[in-house]
Amino acid sequence: MNERVADDRLAGLFEEHRGGLRAVAYRMLGSVSEADDAVQEAWLRLSRSDVSGVDNLGAWLTTVVARLCLNMLRARRTRREDPLEAQSGPDGGPAGGLTGGADPEEEAVLADSVGVALLVVLDRLSPAERLAFVLHDLFAVPFEDIAVMLERTPQAVRQLASRARRRVRGGDAPRPDAPQRRRVVEAFLAATRGGDFEALVKLLHPDVVLHADRRVVPTPEPIVVRGARRVAEGAMAATGRARFTGVALVDGVPALAMAPYGRLSVVLTFTFDGDLITGVDVVAEPDRLRALEVAVA
């Protein structure tokens with residue numbers, strides 16, 4: 001087999017695995033552009049390696065991508081976090097400079113398909129916990145294989161995945177009325193995304209009060225908005241944010257979490273009177289966000 005044919009065959013084999021590798025990398029990193037960078041680097045390493053003795057190319061490539069993502073997560077933790085203003089554009093969506101050429105709509109679709117709440121919780125895990133949970137719980141990679149990547153024992157990796165699993169599920173049991181509240185919160189998000197002003201007004205108590213901290217807009221003072229139509233008008237102005245928002249359990253109660261690239265930037269919590277929303281608290285200040293327990297709804 002000549003060199004050109006061998007290269008074409010290797011490229012073809014890699015393309016068979018690209019989708020799965022991208023899925024792993026996206027759940028590890030929460031960013032389309034970073035995931036694509038990891039997958040491309042895996043291809044470069046494959047093209048420079050002798051894999052004639054590799055029995056399972058998919059497992060070999062998954063290991064390479066996982067280690068690349070682990071290094072990227074560790075580097076992310078050691079560098080200074082970007083402020084919220086650098087993460088969000090004028091409509092509340094991701095700033096163009098952070099996408100690395102990725103389509104914001106694709107980012108939003110992928111976040112929806114994986115689950116915004118899951119991406120938020122994963123971002124709060126240590127790199128090792130995230131790797132153990134993603135590979136084992138989401139992609140059924142054996143603990144023994146993950147242990148090699150992390151240079152730990154299988155038992156230690158099992159414990160990492162178990163801790164991560166508890167974080168994903170949340171420490172508090174959901175309230176008995178959580179399903180009813182979740183339906184209202186989902187309807188609020190759907191109306192906001194769809195620009196359905198009247199549907200949103202119907203979800204709000206006539207005397208609803210919205211409180212937003214200074215980081216949301218930002219403004220010198222916290223914002224207070226009263227009345228269903230005024231609160232709905234404000235929500236309609238934040239349609240860009242809604243693209244990157246999903247339902248989550250926040251301190252055990254259904255809420256909305258905005259997380260471009262899996263980074264939690266805004267949370268909306270609600271108070272209710274029956275099926276009507278009586279209060280909305282919009283949180284964006286980093287200290288307040290860190291104090292919230294976020295879990296998958």
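Biologist: What ground rules apply to the numbering and the values?

Modeller: Residues are numbered from 1 along each chain as its sequence is written, and side-chain values use heavy atoms, with hydrogens and water left out. The model is predicted, so to speak of local features takes pLDDT of at least 70, side-chain atom pairs count only at pLDDT 80 or more, and totals for chains, interfaces and linings use all residues.

Biologist: How many helices and strands does the protein chain have?

Modeller: Helices (H or I, at least four residues) and strands (E, at least two) are DSSP runs, numbered from the N terminus. Here the protein chain has 14 helices and 7 strands.

Biologist: What share of the residues is buried?

Modeller: Buried means under 20% relative accessible area, exposed over 50%, and partly exposed in between, with a 1.4 Å probe and protein chains only. Buried residues make up 47% of the 297 residues in the protein chain.

Biologist: What share of contacts joins residues at least 24 apart?

Modeller: A contact means heavy atoms within 4.5 Å. Take the contacts between residues at least 6 apart in sequence: 65% of them join residues at least 24 apart.

Biologist: Which residues of α9 are buried?

Modeller: Val-157, Leu-160, Ala-161, Ala-164 and Val-168. Seen down the axis, the buried residues of α9 fall within an arc of 95°, so they line one face of the helix. The arc is that of the directions from the helix axis to the C-beta atoms. On the other side of α9, Arg-166 and Arg-169 are exposed.

Biologist: Which residues touch the most other members of the largest nonpolar core?

Modeller: A nonpolar core is a set of buried Ala, Val, Leu, Ile, Met, Phe, Trp, Tyr and Cys residues joined through side-chain atoms within 4.5 Å. The largest core has 62 residues, and Met-28, Leu-131, Leu-135 and Leu-150 touch the most other members. Helix α3 gives the most to this core, with 9 residues. A second, separate core of 32 residues includes Ala-191, Val-208, Met-258 and Ile-277.

Biologist: Which residues does Leu-135 touch?

Modeller: Leave out residues up to four places away in sequence. Leu-135 then touches Val-24, Thr-62, Ala-66, Ala-140, Val-141, Ile-146 and Met-149.

Biologist: Arg-76 next. Is Arg-76 buried or exposed?

Modeller: Arg-76 sits in helix α3 (residues 57–78). At 6% relative accessibility, Arg-76 counts as buried.

Biologist: Which side chain does Arg-76 join in a polar contact?

Modeller: A polar contact is a pair of N or O atoms within 3.5 Å; within protein, one must be able to donate a hydrogen and the other to accept it, and residues adjacent in sequence count only if both atoms are side-chain atoms. The side chains of Arg-76 and Glu-34 meet at 2.5 Å. A polar atom of the Arg-76 side chain also lies 3.0 Å from the backbone oxygen of Leu-29.

Biologist: In what sense do β1 and β6 pair?

Modeller: Two strands pair if DSSP finds at least two bridges between them. Strands β1 (residues 204–212) and β6 (residues 276–283) pair in the parallel sense over 5 bridges. Ala-212 stands opposite Val-282 in β6.

Biologist: And in what sense do β5 and β6 pair?

Modeller: Strand β5 (residues 266–273) pairs with β6 in the antiparallel sense over 7 bridges. Leu-268 has Val-282 as its bridge partner in β6. The two strands β5 and β6 form a hairpin with 2 residues between them, and Gly-274 in the turn has a positive phi of about 65°.

Biologist: Which phi does Ala-140 take?

Modeller: Ala-140 has a positive phi of about 55°, although it is not a glycine. Ala-140 lies in the loop between α7 and α8 and counts as exposed at 62% relative accessibility.

Biologist: Where is Tyr-261?

Modeller: In the loop between β4 (253–258) and β5. Tyr-261 also has a positive phi, about 60°, but is buried, with a relative accessible area of 12%.
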